[in-house]
Amino acid sequence: MILLSLSYSKQYHLRELFYSFFKSLVGKDVVVELKNDLSICGTLHSVDQYLNIKLTDISVTDPEKYPHMLSVKNCFIRGSVVRYVQLPADEVDTQLLQDAARKEAMQQKQ
Amino acid sequence: MGVRLVLTTHGVHTSCNALKLIAVVNECQNTFFRAFCLNMRLPGTVAIVTSDGRMIVGTLKGFDQTINLILDESHERVFSSTQGVEQVVLGLYIVRGDNVAVIGEIDDETDSALDLGNIRAEPLNSVVH
């Protein structure tokens, strides 16, 4: 966590902050809710500068309503269509993240 | 260049030499996205969910950093709550990156085991920003 706080404070851009944040969550199980209301659960494999997300071993949260992805095991999600990324609460230090984000927002204003 | 492009709202039809076009587009600058595709062992069968809620299945032949895609042998899977899945053959398509929501890697075994005629589902929603 100490390493994370160092990297958070070195970011020059708010976007970089969340990119680093997601990089620290690689390997964790997340649920991505998309802007078309589809929710996909999977293991975070990788993320990029646009916050595009690659998930492995996916399952749709409501497979009866959305059987469209039944034969898909891994997927790439374009960052612009993500509405929420649901994270395990014990993997995130919300206080740290909040402070880092606030700092970045202040720096961005100036 | 010998390419004649006809633009439609959702994709681009090309009448040029497919292989030539694929070679040009394969100079991928987005390393992450390239890693995704290499992991997938191009060519692989993919399912694309578009921003207007359509699902297109095809062989991913090329891409670039803005996620423009070249899909060969593509067909659209139309889901309906009243009848089974309808597959509309499309052929060689270029899909502009703006309209791509999800790219899924299709597991051919699972896919051939699917009984598409018996699947009833509402079509996916459009992406609302």
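Biologist: How many residues of chain B are in contact with chain A, and with how many residues there?
Modeller: This is a predicted model, so keep that in mind throughout. In it, 35 residues of chain B are in contact with 27 residues of chain A.
Biologist: What area do chain B and chain A bury between them?
Modeller: About 2600 Å², with 63% of it on carbon and sulfur atoms.
Biologist: How many salt bridges are there between chain B and chain A?
Modeller: The count is 0. Polar contacts do turn up: 12 residue pairs across the interface of chain B and chain A, both residues at pLDDT 80 or more.
Biologist: Which elements of chain B supply at least two residues each to the side that touches chain A?
Modeller: On chain B those are α2 (31–39), β3 (45–50), β7 (100–106) and α3 (108–113).
Biologist: And which gives the most?
Modeller: β7(B), with 7 residues.
Biologist: How do the residues on that side of chain B divide into nonpolar, polar and charged?
Modeller: The side of chain B that touches chain A has 20 nonpolar, 9 polar and 6 charged residues.
Biologist: Back to β7(B). Which strand of chain A is joined to it by bridges?
Modeller: Strand β4 of chain A, residues 72–77. The two strands run antiparallel, and 5 bridges join them. To find the spot, look for A:Phe76, whose bridge partner in β7(B) is B:Ile103.
Biologist: Let's go through the strands. How many bridges join β1(A) to β2(A)?
Modeller: There are 5, between β1 (residues 29–34) and β2 (residues 39–47) of chain A, running antiparallel. A:Val32 has A:Ile40 as its bridge partner in β2(A).
Biologist: What sits between β1(A) and β2(A)?
Modeller: They form a hairpin with 4 residues between them. In that turn, A:Asp37 has a positive phi of about 75°.
Biologist: Then how do β2(A) and β3(A) pair, parallel or antiparallel?
Modeller: Antiparallel, over 6 bridges, with β3(A) spanning residues 53–60.
Biologist: Which residue in the turn between β2(A) and β3(A) has a positive phi?
Modeller: A:Leu51, at about 60°. β2(A) and β3(A) form a hairpin there, with 5 residues between them.

Conventions. Residues are numbered from 1 along each chain as its sequence is written. Chains are lettered from A and ligands numbered from 1 in the order in which they are written. This is a predicted model: local features need pLDDT of at least 70, side-chain atom pairs count only at pLDDT 80 or more; totals for chains, interfaces and linings use all residues. Side-chain values use heavy atoms; hydrogens and water are left out. Contact means heavy atoms within 4.5 Å. Buried area is the accessible area (1.4 Å probe) that two parts lose on being put together, summed over both. A salt bridge is a side-chain nitrogen of Lys or Arg within 4 Å of a carboxyl oxygen of Asp or Glu. A polar contact is a pair of N or O atoms within 3.5 Å; within protein, one must be able to donate a hydrogen and the other to accept it, and residues adjacent in sequence count only if both atoms are side-chain atoms. Ala, Val, Leu, Ile, Met, Phe, Trp, Tyr, Cys and Pro count as nonpolar, Asp, Glu, Lys and Arg as charged, and the others, Gly among them, as polar. Two strands pair if DSSP finds at least two bridges between them.
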